[in-house]
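Subject: Structure for your review

Dear colleague,

Please find below the sequence and structure that I am handing over to you. A summary of the findings follows.

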Amino acid sequence: MHDRFADKLLQWYDSHGRHDLPWHHNRNAYRVWVSEIMLQQTQVTTVIPYFEAFMERFPDVHALAEAPVDDVLSHWSGLGYYARARNLQKAAQTVVQDFAGEFPQTQEELESLTGIGRSTAAAILAQAFGIRAAILDGNVKRVLARYHAIPGWPGQTAVLNQLWHRAEEHTPEQRVRDYTQGIMDLGAMVCTRSRPACESCPLQEGCTAYAQNETSLYPGSKPKKAKPEKTTWMVIIEDGEGRILLERRPPSGIWGGLWSLPELDPAYGADELQEACEQSLGLDCGEPELISGFRHTFSHYHLHIQPARLNVTGRANTVADSDHLKWLHRHEALNLGLPAPIRSLLTEPEQAALL
DNA sequence: AATTCGTGGAT
DNA sequence: TATCCAAGAAT
């Protein structure tokens, strides 16, 4: 079936699409792959500076495969969803070891690499190799849900299956690279979440939601749930030389593998922090100085962070440097993979308190 | 199928 | 200020 959808989209893309994003230059599978992983659930404007710095430090798959994991995480610090960074390096090592450093060119082999799912694999095939494959990211979901007036939330399997069917249907044999970029650009620039620019849309003629004047109904929104509230102490413990104690997070779970401040059970009162430091960390500390607390919001819960500063009075090395505990100067700590609010706390404690 | 996993832009 | 939700994947 000859699909006018793709023809109109491609014509629009030629004159109105984005042709000079950083990963469009020196295009190769590695750069396309890294950009696609960074762009998962993350806006383009946020990704650009991270992508530039990452490519400077890890210019190819070998550099990434050989790097210390802390170096990789530090380049991801602030970007969120840190499993992406850990998976990225694992996949780089797989590409080097199992694929002789060359990215595979089949959907199945790409999806075998951790962190690469159906849509990302298709994006790599199309963008890097010009192989026909259908993508279905947030932009495409929005465009297709409106064009075909597909009701329901795309998180539901039945809705998602319909969207995938339409995505496959519209993807052309020719110019898949431009088509793939073009449909994402259309979603980002014209078929936007709110107030879409339907008057300048090349697909207006066939769009069912537009014909019904109901673009705002598509795609269906996610059912909302109240986010639980959690609380924690975070302690900035300094030794006599002005070094701070940092603790590595467990490999899985929130902020997995990142370095953070030691946390103490919120059941402790402010007047029990010295005792808590002694019990949890084996450190003798002086009077705590409380910093204003603030709330950090994750995708699925709120965290009240109550920071406190304490100085070590006894011997700081009762806590030895290890794989999960380190004494570091502030500027050394800032070179690690730190969660955003902890980086903020260590950089501008008073500013962080205002968040 | 439903949860988990971050952060910040946009409104 | 609060809410939604981004170039999703793993479990």
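In this predicted model, domain 1 and domain 2 bury about 780 Å² between them, and carbon and sulfur atoms give 47% of that area. Buried area is the accessible area (1.4 Å probe) that two parts lose on being put together, summed over both. On the domain 1 side, Asp70, Ser77 and Tyr82 lose the most area to domain 2, together 52% of what that side buries.

The domain assignment of chain A places domain 1 at 4-217 and domain 2 at 229-354; such bounds come from an automatic or database domain assignment. Taken over C-alpha atoms, the centres of domain 1 and domain 2 are separated by 37 Å. Eight residues of domain 1 are in contact with 15 residues of domain 2, where contact means heavy atoms within 4.5 Å. The rule finds one salt bridge across the interface of the two domains, a salt bridge being a side-chain nitrogen of Lys or Arg within 4 Å of a carboxyl oxygen of Asp or Glu. Arg248 and Asp70 form a salt bridge, with their closest N and O atoms 3.0 Å apart.

As to the aromatic residues, the structure holds eight aromatic pairs. Rings of Phe, Tyr and Trp (its six-membered ring) pair if their centres lie within 6.5 Å; planes under 30 degrees apart count as stacked, over 60 as edge-to-face and the rest as tilted. The pair of Phe5 and Tyr147 is edge-to-face because the planes stand at 90°, with the ring centres 4.8 Å apart. This pair links distant parts of the chain, 142 residues apart: Phe5 lies in helix α1 (residues 4-16) and Tyr147 in helix α9 (residues 138-147). Helices here are DSSP runs (H or I, at least four residues), numbered from the N terminus. Phe5 is buried at 2% relative accessible area, and Tyr147 counts as buried at 16%; buried means under 20% (1.4 Å probe, protein chains only).

Two charged side chains also meet rings. The charged end of Arg118 sits over the ring of Trp164, 3.6 Å from its centre, and that of Lys230 sits over the ring of Tyr301 at 4.1 Å. The criterion is NZ of Lys or CZ of Arg within 6 Å of the ring centre and within 35 degrees of the ring normal.

Residues are numbered from 1 along each chain as its sequence is written, and chains are lettered from A and ligands numbered from 1 in the order in which they are written. Local features need pLDDT of at least 70, side-chain atom pairs count only at pLDDT 80 or more, and totals for chains, interfaces and linings use all residues, while side-chain values use heavy atoms, with hydrogens and water left out.

With kind regards

Terms used:
Helices (H or I, at least four residues) and strands (E, at least two) are DSSP runs, numbered from the N terminus. Buried means under 20% relative accessible area, exposed over 50%, partly exposed in between (1.4 Å probe, protein chains only).
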